[in-house]
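Okay everyone, thanks for coming. Have a look at this one with me, and we'll start with the charged pairs.

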Amino acid sequence: MNSNPSIFSVDLNWNDVNVADRYHLRYRTSGGSWTTITGYIPNSEYSIDNLIPNTEYEWQVKTVCNYSGTELSDWSNNAFFTTISDSPCQTVNCSSLSQL
């Protein structure tokens with residue numbers, strides 16, 4: 001399970017399951033409540049927007065093995081990502097510029 005976070009979003013991907021009809025995904029901030037996405041996720045990748053900068057999240061994925069949605073895997077092990085800070089640059093002390 002892989003992630004590519006930015007400031008307000010993340011691109012997630014995981015190993016494809018041959019028998020998968022689709023996937024469910026859930027995520028949360030550490031210790032928070034799960035947000036579950038049970039819509040149609042046909043591929044082993046998904047992007048999440050409107051995240052909080054500089055925040056650790058955990059996520060899991062579940063395989064839906066048939067069209068009717070009655071055959072489901074267990075949730076995967078937790079994977080983690082941290083969104084990027086919205087202020088990645090540090091303030092420069094003007095006196096230090098004269099030393100450059």
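So, Arg-22 and Asp-21: their side chains meet in a salt bridge, with N to O at 2.5 Å. By salt bridge I mean a side-chain nitrogen of Lys or Arg within 4 Å of a carboxyl oxygen of Asp or Glu. Arg-22 is buried, at 14% relative accessible area, while Asp-21 is partly exposed at 24%. Buried is under 20% relative accessible area, exposed is over 50%, and partly exposed is in between, using a 1.4 Å probe and protein chains only.

Quick note on the source: this is a predicted model, where local features need pLDDT of at least 70 and side-chain atom pairs count only at pLDDT 80 or more, though totals for chains, interfaces and linings use all residues. Residues are numbered from 1 along each chain as its sequence is written, and side-chain values use heavy atoms, leaving out hydrogens and water.

How many salt bridges does the structure hold? Two. In the other pair, Arg-28 meets Glu-58, with the closest N and O atoms 2.9 Å apart. That pair links distant parts of the chain, 30 residues apart: Arg-28 is in strand E3 (residues 22-29) and Glu-58 in strand E6 (residues 56-64). Strands here are DSSP runs of at least two residues, numbered from the N terminus. Glu-58 is buried at 6%; Arg-28 is partly exposed at 21%.

Now the sheet. There's an open one of three strands, ordered E1-E2-E5, with antiparallel pairing; strands pair if DSSP finds at least two bridges between them. E1 and E2 (residues 10-13) share four bridges, and Ser-3 has Leu-12 in E2 as its bridge partner.
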